[in-house]
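Open the model in your viewer and keep the selection tool at hand. Each stop says what to pick and what is there.

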Number of protein chains: 2
Amino acid sequence: MDQVVELGMDTFGDVTEDGHGVPVSHAQAIRDVIAEGILADEVGVDFFGVGEHHRPDFSVSSPETVLAAIASRTRHIHLGSAVTVLSSDDPVRVYQRFATLDAASAGRAEVILGRGSFTESFPLFGFDLERYDELFEEKLNLFVELMKEGEVNWSGATRAPLDGQRVFPTTEAGSLKVWVGVGGSPESVVRAASYSLPLMLAIIGADPARFAPYIELYRHALAEFGHQAQPIGIHSPGYIAETDEQAREELWPYFKEGRTASALSVDGRR
Amino acid sequence: MDQVVELGMDTFGDVTEDGHGVPVSHAQAIRDVIAEGILADEVGVDFFGVGEHHRPDFSVSSPETVLAAIASRTRHIHLGSAVTVLSSDDPVRVYQRFATLDAASAGRAEVILGRGSFTESFPLFGFDLERYDELFEEKLNLFVELMKEGEVNWSGATRAPLDGQRVFPTTEAGSLKVWVGVGGSPESVVRAASYSLPLMLAIIGADPARFAPYIELYRHALAEFGHQAQPIGIHSPGYIAETDEQAREELWPYFKEGRTASALSVDGRR
């Protein structure tokens, strides 16, 4: 059983402080993310992910626009969202933007579709938080249809129907690479398995060992649905310095306020 | 009265043919557009515009994703949509994507908001073509509110209301640079003037001299509304070769089928 572990990094484009404790502009924070993505490619990181938020403390609300700027300056690194809040976006637009990123990066785009851990996007885009589950379920269902890149026939309660329309641009591989981001609900794990989509597990605070049962559930569910094994990834906040002690000292002032300058995710696939 | 004329180019990311008459992939057409944008910057073109379409013969449905890939490889050229079909998009998302492009390009983003000359996007995104005018009018109204980059209070019939929300990222200049694309309706010209927004006139087929009255109307309306003079641009299909004869011969086989490999736009501002 071959296992390949890939190392990725992700960020929300946090608004950092300059040398005098003054917050940088959103624009500067975005340019810093682009520079980090380019550097990550140069030093051999496998994946760079950018989150989607709609808050003043995070500069990135449109991950794929940031990723496209990184795409044309990099050669190897895979570029993805971490995560795309599918529930409050339109699956057709998301597919179009990532297919365009896939073109710009010559096949390195990876979408991670999730429900998001913040809720600002729902009122901003006119979606009812009470339909949180229905919105994600229906939109993921449509997204899986879009992945076939043919004529789409779909109808639901959360979006206008598609009646034989096609969506452009199409990708060179015939489909986008898509993950489902899961926070720890067994139903979400089983749903990802039902579509045979790779699983990205967000481990935000707890002991990673506590999440092992979700991995077992995912593998079991894939087998039950008759699907092949799929890649599994985990995301976890992290901070790297020369020594453990230095890392702790540098990170602590931010961590205690609930802020992390960047996050680290690892994904392993067999 | 100082006048500065800037020269721009725009493209819809037309699916071209390779040396054997075989259409290139959407992905290749997108990469070609990115290469053209980078070359345009190198040779000193002032503006590069990318259109939005949802058809198999044009590769670009997400102009700002393409433009972001160009942004990080260029220094001077201004980057815009030509046009963004605002009627079938969400103004908040459009603002976010272009503010992100503006960050990536250090202030070179320019949105051209229009109604589009094709109609595919309406059923694709669930908008009623019978509300063509209302959709553009309301969404332009919201976009002008978003340009203030403060708390937005807005309500209308075509989109969920905003109740004191802010939209991120914000731009370094305090607002995006925005044009209104107009195809030749006097009402559209007056509407652009009422918001004091620069005018981009699309001259697709007729003698440019026939459009002079729209320019006069625009200047007159600006004055009537008490606004200062604003930049005026024109877009027109074009093709450049070493000689006029060569240009005619090279372009004709495509032009007679209604296809143009690229288009040229010029904008002049005083």
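This is a predicted model: local features need pLDDT of at least 70, side-chain atom pairs count only at pLDDT 80 or more; totals for chains, interfaces and linings use all residues.

Residues are numbered from 1 along each chain as its sequence is written, with chains lettered from A and ligands numbered from 1 in the order in which they are written.

**Strands 9 and 10, chain A**

Select residues 199-202 and 232-237 of chain A. These are strand 9 and strand 10, paired in the parallel sense over four bridges. Pairing needs at least two DSSP bridges. Helices (H or I, at least four residues) and strands (E, at least two) are DSSP runs, numbered from the N terminus. A:M200 stands opposite A:G233.

**Helix 7, chain B**

Now select residues 212-224 of chain B. Which residues of this helix are buried? B:Y214, B:Y218 and B:L222 are (20 or more other C-beta atoms within 10 Å of the residue's own; exposed means 12 or fewer, partly exposed in between; C-beta atoms are placed from the backbone). On the other side, B:A212, B:P213, B:E216, B:A223 and B:E224 are exposed. Just after the helix, B:G226 takes a positive phi of about 80 degrees.

**Where the chains touch**

Show both chains. 41 residues of chain B are in contact with 42 residues of chain A (C-beta atoms, placed from the backbone, within 7 Å). Helix 3 (91-104) of chain B gives the most to chain B's side, with eight residues.

Definitions and conventions. Two residues are in contact if their C-beta atoms, placed from the backbone, lie within 7 Å.
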